[in-house]
Amino acid sequence: MKTGKVYLVGAGPGDPKLLTLRGKECLEQAEVVIYDYLANPALLEHVRPEAERIYVGRRGRGEYGDQAGKIVVRLKGGDPFVFGRGGEEAEAVAEAAVPFEVVPGVTSAVAAPAYAGIPVTHRTLASSVALVTGHEDPLKPSPTVEWDRLASTSGTVVFLMGMKNLPAIVAHLTAAGRPATTPVALIRWGTRAEQLTIIGTLADIVRKAEAAKLEPPTVIVVGEVVRLREKLNWFESRPLFGTTVLVTRPREQAGEFVLTMPTIAIVPPVDWRPLDRAIGDLARYDWVIFTSVNGVRFFFERLRALGRDARALGRARFGAIGPRTAEALAGQGFKADVVPDEYQAEGVLEAFKKEDVKGVRILIPRAEVARDLLPEELRARGADVTVAVAYRTVRPEADGKALKEQLRRREVGVVTFTSSSSVRNYVELFADRAEASALTANAVVACIGPITAETAESCGLKVGIRSKENTIPALAEAIVSHFAHSSCDV
């Protein structure tokens, strides 16, 4: 029988990018992932599609299928050994003689305050920090929190899982002698997009929390370091803080944004033969022009799959439609000879005005559905152009119900489109164009370049943001600039 193993993995405080590299490795090899409500669901994107996912909610109680002989990841919010009951779970696994490994995580006790602009220690304000449970085991014979010592320290005190007991915590500290003027911070969902921070003192923090209707999970920070938030509040001061950005590009390429609802997936062509013929005859081409990063990726993957290498490209020169495509080409060991100033077909044609293409053989590996302007114009100039399908864009299975609800509740601030196909597939998630237009009107539509913007407008979507260049960084910059100017107008 196959020997299984259990990994107790710290999921970190909430921001999925704060997962450790080792934690990511464990998720990638897991056959079963057991996760709770404190673990960001975005982390499950690292899990293989065929792996079993088990949500155990807040309590983790219930009956679950047999996991014997499998690689099991127990994904726990924060660090498993910091008030996460990871110790008890590790004991149970050890007693069952099952091999296990503990993968520490970034604890919210430190990360949440850091994202709120509060260092838990400071050379002049706090030389110590105490991490305290705000919810002791009710089965304990007697409480073990030493309130007198916590009240007398000049250091920082951080309470986890204490929001429901906030009045009692405040009462204990003040009764033990902690001044009522001591600063207090409450940080809900620290490090996540929905982070909310409330500042007060021991004298008024309960009232402020009640007025804000603050609920768990909330980290409570008590101490003079809270005063530093006024200077160090970096996270909540960012232009897009609190704005949910919907990304419609392929999931594997959506890392530069926030909320993903891919409306396109990149897949191989139905028939490889046209591209295979072109690769088999590469020595005849004078130019290979790539119009996307995906074209570079699929072309070179197929080149290697056919048992060929860089030598097959012979004397060919290379064109790239933009800097990202040129970077992808450089990643394959080739420098682009032509990169236009305008990152679309028109720009490539303008750049090739310097070249005499009459009789020149040009290969364009590209998507199955694409504009024909580039090959047709090059042919009109006398070039011998071969267009070979290197990949297709298809609409992945997606449930638009949740997205529609988010749009109705105005929970999505920006909807981004990086291609015409992503626009068309997005609109197909709705009953008709009228519904797509009405619901999307609750957000700002951001498009990469004029072609994508034209497609969006032809589908009834009002475009509010257009990037100056056809690149993701330019689109991100345009979004930030839009919201920065909007906040200045308020």
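This is a predicted model: local features need pLDDT of at least 70, side-chain atom pairs count only at pLDDT 80 or more; totals for chains, interfaces and linings use all residues.
1. Residues are numbered from 1 along each chain as its sequence is written, and side-chain values use heavy atoms, leaving out hydrogens and water.

2. Now for the other side of that helix. Within α8, which spans residues 273-280, the buried residues are L275, D276, A278 and I279. They line one face of the helix, because their directions seen down the axis fall within an arc of 160 degrees; the arc is taken from the directions from the helix axis to the C-beta atoms. The cover over these buried residues includes α9 (293-305), β16 (361-367) and β17 (384-394). Helices (H or I, at least four residues) and strands (E, at least two) are DSSP runs, numbered from the N terminus.

3. How do α8 and α9 meet? Their axes come within 10 Å and cross at roughly 70 degrees, so the two helices are roughly perpendicular to each other. Axes here are lines fitted to C-alpha atoms, for helices over the stretch in contact, and angles run from 0 to 180 degrees between N-to-C directions. Angles under 35 degrees count as roughly parallel, over 145 as roughly antiparallel, 65 to 115 as roughly perpendicular, and the rest as oblique. From α8, L275, D276 and I279 meet F299, R302 and L303 of α9, where contact means heavy atoms within 4.5 Å. The residues of this contact divide into 4 nonpolar, no polar and 2 charged. For this count, Ala, Val, Leu, Ile, Met, Phe, Trp, Tyr, Cys and Pro are nonpolar, Asp, Glu, Lys and Arg are charged, and the others, Gly among them, are polar.

4. Another helix pair to look at is α14 (residues 420-427) with α16 (residues 449-458), packed at an angle of about 20 degrees with axes 8 Å apart. These helices are therefore roughly parallel to each other. On the α14 side, S420, V423 and R424 meet I451, T452, T455 and A456 in α16. That contact divides into 3 nonpolar, 3 polar and 1 charged residues.

5. Helix α2 (residues 86-95) also has a buried side, with G86, A90 and V93 buried. Seen down the axis, these residues fall within an arc of 60 degrees, so they line one face of α2. They pack against β1 (5-10), β4 (71-76) and β5 (100-103), whereas the face turned away carries the exposed residues E91 and E95. After the helix comes A97, with a positive phi near 60 degrees.

6. A few backbone details deserve a look too. Most residues other than glycine have a negative phi, and most peptide bonds are trans. T191, not a glycine, has a positive phi of about 80 degrees and lies in the loop between β8 (183-188) and β9 (196-201). Is T191 buried or exposed? At 3% relative accessibility, T191 counts as buried.

7. R410 also has a positive phi, of about 60 degrees, although it is not a glycine. R410 sits in the loop between α13 (400-408) and β18 (414-417), and at 60% relative accessibility R410 counts as exposed.

8. Finally, P216 and P217 are joined by a cis peptide bond, with omega about 0 degrees. P217 is found in the loop between α6 (205-212) and β10 (218-222).

Methods:
Buried means under 20% relative accessible area, exposed over 50%, partly exposed in between (1.4 Å probe, protein chains only).
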